Amino acid sequence: MQANETGGYIGKRLLRREDEALLRGRGSYVDDLAEPQNLLHLAFVMSPHAHALIKSIDTSAARSLPGVFAVYTGEDLAPLMKPIHTEILFPGYQAADRNALAYGKVRFVGEQVAVVLAEDRYIAQDAIDLIEVEYEVLPAAVDMEEARKPGAPLVHDHIERNIIFEGKFETPEFEREFAAGEHRIRERFRTGRVAGVPMEPRGCLALPEHSDAIVFHTSTQIQHLVREGLAHHLGRSEASIRVVVPDVGGGFGTKAQLYPEEVVAAALCFKLRRPIKWVQDRREELLTNIHARDHLYDLEVSFSSDGVIRGMQLELLTNAGAYSTYPFGCTLETTGGSRMILGPYRIRNYMYRSFSIATHTNPAGVYRGVAQPSCMMAMEGMLDRIGRYLGIDPAEVRRRNVVQASDMPWTTAVGVRFDTGSYQQCLDKALEAIGYDEFRRAQPRDRLVDGKYRGVGICNMTEFTGMGAPAWRSRGLKRMSGIDSAALRVEATGKVTVSISHAAAGQGHLTTFAQIVADYLGANIEDVRIIEGDTAVSPYGTNTFASRSAVTGGGAVIRASTKVADKIRRIAAHVLEASPQDIVVRDGYAHVAGVTDLRLSFREVAEIAYAMCDVSLPEGEDFGLEASEYYDPPVVTVANAAHVVAVTVDARDGRVTIDRHVVVHDCGRVINPMIVDGQIHGGAAQGIGEALMEEMVYDENGQLLNASLLDYLLPTAMDIPNFEISHIETPTIDGLGGFKGVGEGGLIGALPAVVNAVADALSGIGVNVNRVPMRPAYLRSLIRSAAAEGGAR
């Protein structure tokens, strides 16, 4: 399907429509919504223990507090809801159901055991302090390596050795080809546990409606999946639940889940027929929003003397936390890390075993990039090690292994098809932009210049985006459809309204989708209005996560726009006495090719379509000027990029400064370069934070030691360089529009590039960097140990 000749809105740096209201403070988030009469506020009692039996809960003092309406425990609410259950039809997976309010046993610090309803949130907070819970504390399994050992405390009695999921794969000729390599290197890579930390914590407002229905406002990325999950777990029809997404202050995957607080709020609204509100504070956010990463890669490569990889084997451990989250479960990080680690490289012989381990920590879930930042850190780190082992420049090692344009379409060892890509082109362009050859020539052997070690790091990465139904079926996610949709209507005024199945969380949907509509429908972009995030008006879809909006939503919008544009041509041709093939639709008009004065406006066409004038429709044409279309994209659409980073590491205290960060990105056809750059900026900033400072720290008893922003460090503007971004466009040929996803590539590439830059800076003194975060104290200890060993020699 080709865009109309409309002046080409796609590819333009248009200002985001969303920004004026947000910058002027006119955004409307959950906590800004008007509070109705008879509103009840929720507050939750959270467990202070990682693993304990609940012996008793005394709520009498809280119930007697003036302003408290009710107090419920898990046993009280059990008749109202099913346990939260994530069904994954995948060999090796064991379900770990969760009660929205725990009863009998708690399995992580922060798990909710009771809920207070009060006239205001301050009374509710006071009341939870009056509730006395008697616990019998049990031993906890916190570290995932320890948790899978025989005899470790079990998180769930039916899951042996806490292995909640196990996967394995091996190519047919693996053993023979792996053994044929002249050299082998084995390394262990470890990533810290991190949190998404959106600016706006979660919250919801449930409002009763007539006929036993509710309107559920919630800060989410997945309105249709939330509605489906609430209906399923509450035993209600989906028609009785309308989910509305207000402005969302950041999602990053942390808001692509159905959480227990949402289930409780909806259940109580149905039960009491009163409005229910809950808004999270920052401590709750850090304790109970999904965590991510905490991955351990034991990776071994076999390679020849020219640096070409002959085979690779992996054992991967991922920390699932205490429960399998809904709707994605605990397998995405485990399977993703194992399957995406191959990146843009020609690795034909591969074997992996992967494990998701349950621990007495907060449940882990999908966070920006999923496992791709960690697996690229391992893959790219291993390529650097091959280069150091053989004395070959790490950039050259990548060139010798990378998939070439002549190889396309490429199918990986695990069966993933790459239809188009620019892997070496991005790499070469990024190296040239940063002056890589000059940097290497000027770099002394010990990397030390003016008291600082100087290094450069590379990440040549792939980003798996826009997954459709076949991809989710292959990963066992039964309730994940993979499709998305758009409903487009040209109003009688000639204006255009488009409802899409996605939800915005800062990506610029109102702008980018309008650009697509304007090009493929032939509308004036000022006349296009985008609606999303409301299950009452937006058509069904899988919603917003995993870099899929441009691919899946864009494909649906293109289909609907093309269908309506064709109808406009037929009506205009009928009136103008021309062939539909001779009608050009652009800028809100339909005219005869070569005769721009012989035209009809969208309004005139719409009046004919809606029988609002004395001109009849062509014979056989239906009334109306609208279309609803679904789109199921290919299994996966693969974007790619190269990040090259130059850093200095202070020899005295281990502080890292990022001097330059170059990105050459290929997300296929670029819809709005300014918005794409913004996505890369934000993702790269998160990758830098994950590489240098961010980590959720649990002690051996399962206590989270840094559940505040005083202790959980985030990067500031002082830590972030000016990113140097350029683009290569190789449009996908498997999907509509040529678009590839872009939401996660900044993070996926930044983390490994920064790690490799620091590792390169310290390689001259024999330091091995294989874990994140690389805080100053950690690097300082490595530098001191290297100095001590050097002195001893």
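A: Let's start with what arginine 107 touches. Leaving out residues up to four places away in sequence, its contacts are Ala50, Val155, His156, Ala322, Tyr323, Thr359, His360 and Thr361. Bear in mind that this is a predicted model. As for where it sits, arginine 107 belongs to the loop that runs between β4 (105-106) and β5 (112-118).

Now the charge. Arginine 107 is buried, yet it has no salt bridge. The nearest side chain of opposite charge belongs to glutamate 111, 5.4 Å away, and a salt bridge here needs a nitrogen and a carboxyl oxygen within 4 Å. What the arginine 107 side chain does reach is the backbone oxygen of valine 155, at 2.7 Å. There's also a polar contact between the side chains of arginine 107 and histidine 156, at 3.5 Å. Both valine 155 and histidine 156 are in the contact list of arginine 107.

For a contrast, look at the charged residues that do pair up. The structure holds 50 salt bridges. One of them joins aspartate 19 to arginine 16, with the closest N and O atoms 2.8 Å apart. Aspartate 19 is partly exposed, at a relative accessible area of 23%.

Another salt bridge brings together the side chains of arginine 190 and aspartate 143, at 3.9 Å from N to O. Arginine 190 is in strand β8 (residues 183-190) and aspartate 143 is in the loop between β6 (132-137) and α5 (144-147), so this pair ties together parts that are 47 residues apart in sequence. Arginine 190 is partly exposed, with a relative accessible area of 22%, and aspartate 143 is partly exposed too, at 31%.

Strand β8 also supplies arginine 186, whose partner glutamate 300 lies in strand β15 (residues 295-303), 114 residues apart, so to speak a link between distant parts of the chain. On the accessibility side, arginine 186 is exposed, with a relative accessible area of 54%, whereas glutamate 300 counts as buried at 13%. Salt bridges with shared partners also join Asp143, Glu145, Arg188, Arg190, Asp294 and Asp298 into one network.

The C-alpha atoms of arginine 652 and arginine 780 are separated by 7.1 Å, though the two are 128 residues apart along the chain.

Helix α10 (residues 332-340) has 8 of its 9 residues buried, so the rest of the structure largely encloses it. Those buried residues are Leu332, Glu333, Thr334, Thr335, Gly336, Gly337, Ser338 and Met340.

Then there are the nonpolar cores. The largest has 130 residues, and those with the most contacts inside it are Leu42, Phe216, Leu268, Ile341 and Met774. Helix α20 (residues 745-763) gives the most to this core, with 11 residues. Apart from it lies another core, of 47 residues, including Leu488, Phe513, Val557 and Leu625. In soluble globular proteins, nonpolar side chains tend to be buried together. Setting aside neighbours within four places in sequence, leucine 268 is in contact with Leu42, Tyr72, Leu77, Val115, Leu117, Arg273 and Ile276.

One last stop is a run of hairpins. Strands β25 (residues 583-586) and β26 (residues 589-592) run antiparallel and are joined by 4 bridges, with isoleucine 583 standing opposite valine 592 in β26. The two strands form a hairpin with 2 residues between them, and aspartate 587 in the turn has a positive phi of about 55 degrees. β26 then pairs with strand β27 (residues 595-601), again in the antiparallel sense and over 4 bridges. Here tyrosine 589 has serine 601 in β27 as its bridge partner. β26 and β27 form a hairpin with 2 residues between them as well, and glycine 594 in that turn has a positive phi of about 85 degrees.

Terms used:
Residues are numbered from 1 along each chain as its sequence is written. This is a predicted model: local features need pLDDT of at least 70, side-chain atom pairs count only at pLDDT 80 or more; totals for chains, interfaces and linings use all residues. Side-chain values use heavy atoms; hydrogens and water are left out. A nonpolar core is a set of buried Ala, Val, Leu, Ile, Met, Phe, Trp, Tyr and Cys residues joined through side-chain atoms within 4.5 Å. Buried means under 20% relative accessible area, exposed over 50%, partly exposed in between (1.4 Å probe, protein chains only). Contact means heavy atoms within 4.5 Å. Lys and Arg count as positive and Asp and Glu as negative; His and the chain ends are not counted. A polar contact is a pair of N or O atoms within 3.5 Å; within protein, one must be able to donate a hydrogen and the other to accept it, and residues adjacent in sequence count only if both atoms are side-chain atoms. Two strands pair if DSSP finds at least two bridges between them.
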